[in-house]
Amino acid sequence: MHNPVSPQVDQLLFEEGRFSPVSWLLANGFLEYGDYVNWRNGLIDSLDSCFIRQRDTIITQLKAAQLHAVSLGFESVVVAYTSTDQRVLLISCNPADDLIFKTDFEPAHDRMQLDLFFDSAPVCTENELIAALIAGNVQEIDIYLDKLNRYDDPKHQDFKQLIELGRRIKSGSLSIQQKVAVLEEEMMPLSLKLLRGESIRFLTPLWRTLSDSLTGYVFRPQAPNVHISYTAAKAFQWQDVVSSIEQEPKWLENPLLLFRYAEACFKLNRELTGFTAWFQLFLSVA
């Protein structure tokens, strides 16, 4: 029987190579990114207090999504979330529900069996480097990057590349079109490889910065991703997606903009408007 959440899971697996319930919550409009950041900073006791829809409904859909991931051969791994001051974070005060939301699914060959003694130093160094990257602490980034070089040179080179790409994105040496391409084609896959679940906090501010830079840009079919309707969606800014499309004079005649508009409306719980856009999309391609 067809699983209605399968496309959601397939999209995340395609983009991230794994299924994370937290990414799923953000991507489906069940959670505001600002609430997620506040939770990661230890300002919210349990993340489910911020859910936009009923928790039981979300859990039912999540269980179906996880079953689909299992059917594709992905294996479960429990993720520990900690705040910036290293306190354990709860997604739900209900232990069973908390475990469901903290269970990611990843390819079996990615599972790492580490020697807890010999491998603890490089793992700790890598975690400290990731925390420094998220916090933007330049001094600590340099310290832990140099330390990682002693343990794992290939990974050290990957982190150096990620940091350099971030500097290019923030510099004035690239055009806005080049920045979108670098972030999408180079930084996203490398960030997901190195940071995994933490890539959300690393990439989202960059997408938001690009959206700010794209203010006033008109949609061009030859460069469809150089538009706020694309970058804002990557940053979970659904209202900005809708607003940017509505400013386009002929957006009702453009299938891609209609698709993005409908998706954003569904994330904003504006189902009727979303279905209207879907119907218009069907008419435009029929």
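Predicted model: local features only at pLDDT ≥ 70, side-chain atom pairs only at ≥ 80, totals over all residues.

Reader: Why is asparagine 269 called partly exposed?

Author: Asparagine 269 has a relative accessible area of 30%; buried means under 20%, exposed means over 50%, and partly exposed covers what is in between, with a 1.4 Å probe and protein chains only. Residues are numbered from 1 along each chain as its sequence is written, and side-chain values use heavy atoms, with hydrogens and water left out.

Reader: Why does phenylalanine 236 count as buried?

Author: The relative accessibility of phenylalanine 236 is 14%, so the residue falls in the buried class. Histidine 227, in the loop between H10 and H11, is also buried, because its relative accessible area is 1%. Apart from neighbours within four places in sequence, histidine 227 is in contact (heavy atoms within 4.5 Å) with Leu214, Tyr217, Val218, Phe219, Ser244 and Glu248.

Reader: At what angle do H13 and H14 pack, and how far apart are their axes?

Author: The angle is about 160° and the axes are 8 Å apart; axes are lines fitted to C-alpha atoms, for helices over the stretch in contact, and angles between N-to-C directions run from 0 to 180 degrees.

Reader: What makes H13 roughly antiparallel to H14?

Author: That angle gives H13 the label roughly antiparallel to H14, since angles under 35 degrees count as roughly parallel, over 145 as roughly antiparallel, 65 to 115 as roughly perpendicular and the rest as oblique. The contact draws on residues including Leu258, Phe259, Cys265 and Phe266 of H13 and Glu271, Phe275, Trp278 and Leu281 of H14.

Reader: Why is glutamate 271 described as partly exposed?

Author: Glutamate 271, which belongs to helix H14 (residues 271–285), has a relative accessibility of 31% and therefore counts as partly exposed. Beyond the neighbours within four places in sequence, glutamate 271 is in contact with Arg53, Cys265 and Phe266.

Reader: What values describe the packing of helix H3 and helix H10?

Author: Helix H3 (residues 33–40) and helix H10 (residues 199–213) pack at about 140°, and their axes are 12 Å apart.

Reader: Which values apply to H7 and H8?

Author: Helix H7 (residues 138–151) packs against helix H8 (residues 153–170) at an angle of about 150°, with axes 7 Å apart. H7 is therefore roughly antiparallel to H8. Residues on both sides make the contact, among them Leu145, Leu148 and Tyr151 of H7 and His156, Phe159 and Ile163 of H8.

Reader: How do you know whether threonine 125 and isoleucine 134 are buried or partly exposed?

Author: Threonine 125, found in helix H6 (residues 120–135), has a relative accessible area of 2% and is therefore buried. Threonine 125 touches Tyr144, Lys147, Leu148 and Tyr151, leaving out residues up to four places away in sequence. Isoleucine 134, also placed in helix H6, is partly exposed because its relative accessibility is 23%. With neighbours within four places in sequence left aside, isoleucine 134 is in contact with Glu198, Arg201 and Phe202.

Reader: Which residues touch the most other members of the largest nonpolar core?

Author: In this core of 82 residues, they are Phe19, Trp24, Phe159 and Met187; a nonpolar core is a set of buried Ala, Val, Leu, Ile, Met, Phe, Trp, Tyr and Cys residues joined through side-chain atoms within 4.5 Å. Helix H9 (residues 176–195) supplies the largest share of the core, nine residues. The contacts of phenylalanine 19, beyond neighbours within four places in sequence, include Val9, Leu12, Trp24, Leu62 and Phe105.

Note on methods:
Helix = DSSP H or I, 4+ residues; strand = E, 2+ residues; numbered from the N terminus.
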